[in-house]
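Keep the structure open beside you and try each task before reading its solution.

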Amino acid sequence: MTARITHWINGSAWAGSAERTGDVFDPATGQVSGKVDFASRATVGEAVAAAKAAFPSWRDTSLTRRTQVLFAFREILNARKGEVAAAITAEHGKVLSDALGEVTRGLEVVEFACGLGHLLKGGFSEQVSTGVDVYSIRQPLGVVGIISPFNFPAMVPMWFFPVAIAAGNTVVLKPSEKDPSASMLLAQMWQEAGLPDGVFNVVHGDKECVDALLEHPDVQSISFVGSTPIAKYIYETGTKHGKRVQALAGAKNHMLVLPDADLDLAADQAVNAGFGSAGERCMAISVVLAVDTIADELVAKIAERMPKLRTGDGRRGCDMGPLVTGAHRDRVASYIAAGEAAGATLVVDGRNPVVDGEPGGFWLGPTLFDHVQTDMSIYTDEIFGPVLSVVRVHSFDEGLDLINRHEYGNGTAIFTNDGGAARRFHNEVQVGMIGINVPIPVPVAYYSFGGWKSSLFGDTHAHGVEGVHFFTRGKVVTSRWLDPSHGGLNLGFPTQS
Ligand code: NAD
């Protein structure tokens with residue numbers, strides 16, 4: 001029996017019947033486990049209408065009450081995070097501990113948003129002119145759209161919606177059609193937490209559904225996360241329709257290892273950050289830049305660790321799960337063939353892996369290339385799978401230059417014990433998130449997440465102060481309480497006195 005997954009509109013599961021549906025797979029078995037309804041333009045219209053209707057009273061709900069709802073949601077999600085993690089593993093394939101980790105990182109943003117009273121405070125200047133005060137306030141936008149990728153079905157939506165809702169907006173979320181169930185659990189939890197119906201809605205689907213959101217006149221903003229070509233399309237289309245857009249995009253994250261680094265630590269972290277979640281993370285390390293004096297030793301240390309990784313069903317305590325779909329697995333495997341054909345040294349080949357799982361699963365084992373050249377597709381392209389490339393460089397400067405010349409600028413890391421080199425690195429590297437002896441530098445919720453160059457379209461990062469700014473609009477009020485002595489005509493431009 002396959003499950004039916006449908007939309008969540010105005011506080012309940014959609015009662016209609018969809019013209020189009022999509023298959024949802026269990027990647028560890030390769031079997032279809034569910035059918036997800038695809039929203040038509042009309043169904044998206046229903047969700048936006050529900051969100052629009054819910055907006056006036058939610059934006060006027062007191063900060064105290066909104067805070068209570070946020071806290072209640074935090075408690076419910078924390079208590080039921082295992083259930084969300086299980087839904088993620090069943091549809092995405094990542095191992096359970098990793099799925100739990102993503103829910104925990106999403107919870108951090110909920111906790112950040114619980115401080116909405118503080119986050120939404122404006123400024124006040126008394127007596128800017130005689131008897132005149134000026135104050136600033138930030139107000140919600142209205143209906144906001146969120147479009148999220150398959151690789152973090154709970155955390156990425158939670159980069160946005162806790163802040164959006166705390167600020168008084170109402171939400172229409174369009175999660176990835178590949179793993180839609182986590183968002184349905186989150187919707188039910190919001191309702192249990194006391195969020196009024198219509199404040200949080202979920203529509204599923206593909207391009208038709210996304211386009212309907214991008215073009216809808218009542219949607220004020222779009223927060224998108226996904227691949228670079230789609231992000232560019234979302235940014236261009238959304239802004240053309242007058243919306244505020246933040247579109248977080250693809251990545252190719254480099255880890256620069258200097259000769260003075262602790263090579264065991266660097267090798268451990270290269271393996272963890274390269275193969276965790278089967279490389280399907282926008283902050284995964286996919287390139288190790290090894291300074292050539294230590295490159296042989298580092299490659300040997302990485303290679304000796306790889307056979308210890310257990311690939312298999314994420315519910316069986318393995319280290320690495322399957323890829324999300326058969327098509328994606330085949331695409332990643334085609335990059336391994338391309339790297340070999342281009343002349344890179346295939347140190348560990350992940351094709352035909354030994355797995356603890358069903359034969360029909362979308363398996364690909366960890367793969368390591370050495371002597372990768374910068375014109376090879378395994379270096380230039382985002383592969384988004386368990387394929388790690390080692391590029392040998394002569395110096396710190398050559399490594400830094402390569403990172404700065406790459407199209408993407410999401411995350412990067414340096415491994416060194418030299419504080420001066422680390423400082424120069426963070427100062428000069430053209431990348432949004434930087435790790436110093438930390439391989440996956442995902443910022444905590446009270447800082448903001450986002451890349452540079454082709455890793456972000458728009459200028460606002462997710463969560464933290466930038467997130468609050470994105471989901472609110474500023475006003476400045478200049479006020480004077482009338483005193484008859486201030487009357488009289490004066491056509492001059494207002495100045496302070
Ligand atoms: P994707 O671009 O295929 O899909 C993202 C979203 O866009 C999904 O909801 C999908 O349904 C929708 N979509 C797909 N094709 C579309 C089209 N033609 N028109 C309109 N909408 C469309 O991305 P994905 O494969 O789900 O996720 C992986 C990508 O996301 C990788 O490139 C990864 O780097 C990126 N990502 C980036 C970040 C970041 O913060 N920069 C975080 C996570 C993932």
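**Exercise 1.** Work out how the residues of the shell around the ligand divide into nonpolar, polar and charged.

*Solution.* Remember that this is a predicted model. Begin with the total: 27 residues surround the ligand. Next, sort them by type: 15 are nonpolar, 8 are polar and 4 are charged. Finally, look for the closest ones, which are Lys174, Glu177, Ser227, Ala249 and Glu382.

**Exercise 2.** Find polar contacts between the protein and the ligand, using N or O atoms within 3.5 Å as your cut-off.

*Solution.* Start with the side chain of Ser227: one of its polar atoms lies 2.7 Å from a ligand oxygen atom. Then turn to the backbone. An N or O atom of the Phe150 backbone is 3.0 Å from an oxygen atom of the ligand, while a polar backbone atom of Ala249 is 2.6 Å from a ligand nitrogen atom. Now consider the cover: on its own the ligand has 840 Å² of accessible area, and the protein covers 88% of that.

**Exercise 3.** Why does the ligand lie between domain 1 and domain 2?

*Solution.* First, locate the space the ligand takes: this is the largest pocket. Second, note that helix 8 (207-215) and strand 11 (219-225) each supply at least two shell residues. Third, compare the domains: domain 1 (3-249 + 455-478) and domain 2 (253-436) both give residues to the shell, so the ligand lies between them.

Conventions: Residues numbered from 1 in each chain as written. Predicted model: local features only at pLDDT ≥ 70, side-chain atom pairs only at ≥ 80, totals over all residues. Heavy atoms only, no water. Near = heavy atom within 4 Å. Polar contact = N/O pair within 3.5 Å; in protein donor to acceptor, adjacent residues only side chain to side chain. Areas by Shrake-Rupley, 256 points an atom, 1.4 Å probe, with all protein chains shown as cover. 1 Å grid on protein atoms, 1.4 Å probe; cavity = no way out; pocket = protein on both sides within 12 Å on 5 of 7 lines; lining within 4 Å. Sits in = over half its atoms within 2 Å of the grid points. Helix = DSSP H or I, 4+ residues; strand = E, 2+ residues; numbered from the N terminus. Nonpolar A, V, L, I, M, F, W, Y, C, P; charged D, E, K, R; others polar. Domains from an automatic or database assignment.
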